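This report describes side-chain contacts in one protein chain. Please look at the sequence and the structure first, then read on.

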Amino acid sequence: MQTLGSWMPHRDPGTGTDHTEYYISVCNVRNGENYQISKRYSDFHALYLSIYSHLVNGFAKGMQNLFPDNRVTTWFSRESDQLRNSRREYLDGWLREVCLNAVVMINLDARNKIYDFLEVDKRLRIAVYKR
């Protein structure tokens, strides 16, 4: 299970461009480990695009929490705290719904992409290596 708890504006040191990182608290049910990762909106969007076909199959009647594809809003206006908070809430609802859908998670391709996004296997490998 995961929760998308907060966001923080960041400046890329290489390019000097500003972006927002969303912080996800993850509880790995495989080993009980809790950890936090950060992802940009573009990371969420890439995940969405990569599992879209699985979402269509897993949510035959449609999702309750739609993916917040409002990049155009951001392009035409500076990101405000209100936009960031709203986007965080939508991303949290969407990701929770995806992770709790048995049809999506039973699909090996979709599950692997979600686990990669949440860095589940990376964390598991680190935990095994430390032992």
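## Salt bridges and aromatic contacts

Asp18 and Arg11 form a salt bridge in which the closest N and O atoms are 3.0 Å apart. The model is a predicted one. Asp18 is partly exposed, with a relative accessibility of 45%, and Arg11 is exposed at 56%.

The structure holds six salt bridges. Three of them, including the one between Asp18 and Arg11, are listed here.

| Asp18 | Arg11 | 3.0 Å |

Arg88 has a relative accessibility of 17% and is buried, because buried means under 20%.

Where do Asp92 and Arg96 lie? Both are in helix H3, four residues apart, which is about one turn of the helix. Asp92 counts as buried at 13% relative accessibility, whereas Arg96 counts as partly exposed at 26%.

The next topic is the aromatic rings. How many aromatic pairs does a search of the whole structure find? The search finds seven. In one of these pairs, the ring centres of Tyr22 and Phe44 are 6.4 Å apart and the planes stand at 85°, so the pair is edge-to-face. Tyr22 belongs to strand S2 (residues 18-27) and Phe44 to helix H1 (residues 41-58), so the pair ties together parts that are 22 residues apart in sequence. Both Tyr22 and Phe44 are buried.

Another pair is made by Phe67 and Trp94, with ring centres 5.1 Å apart and planes at 80°; this pair is therefore edge-to-face as well. Phe67 sits in the loop between H1 and helix H2 (71-76), and Trp94 sits in helix H3 (residues 81-99). The two residues are 27 residues apart, and their pair links distant parts of the chain. Phe67 and Trp94 are both buried. They also belong to one aromatic cluster, together with Tyr41, Tyr48 and Tyr52.

Charged side chains also lie over rings. Arg87 is over the face of Tyr41, at 4.0 Å from the ring centre. Lys39 is over the face of Phe117, at 5.1 Å from the ring centre.

At Tyr52, H1 bends by about 60°. Which residues of H1 are buried? They are Tyr41, Phe44, His45, Leu47, Tyr48, Ile51, His54, Leu55 and Gly58. Ser53 is also found in H1, but Ser53 is partly exposed, with a relative accessibility of 45%. The C-alpha atoms of Ser53 and Val104 are separated by 9.7 Å, and these residues are 51 residues apart along the chain.

The last topic is cysteine. A disulfide is a covalent bond between the sulfur atoms of two cysteines. How many disulfides does the structure hold? The structure holds zero disulfides. Is Cys99 buried or exposed? Cys99 is buried, with a relative accessible area of 19%, because the limit for buried is under 20%. Cys27, with a relative accessible area of 30%, is partly exposed.

How values were computed
Residues numbered from 1 in each chain as written. Predicted model: local features only at pLDDT ≥ 70, side-chain atom pairs only at ≥ 80, totals over all residues. Heavy atoms only, no water. Phe/Tyr/Trp six-rings, centres within 6.5 Å; stacked < 30°, edge-to-face > 60°. Buried < 20%, exposed > 50% of the residue type's maximum accessible area, 1.4 Å probe, protein only. Lys NZ or Arg CZ within 6 Å of the ring centre and 35° of its normal. Disulfide = S-S within 2.5 Å. Bend = angle between axes of the 7 residues up to and from the residue. Salt bridge = Lys/Arg side-chain N within 4 Å of Asp/Glu carboxyl O.
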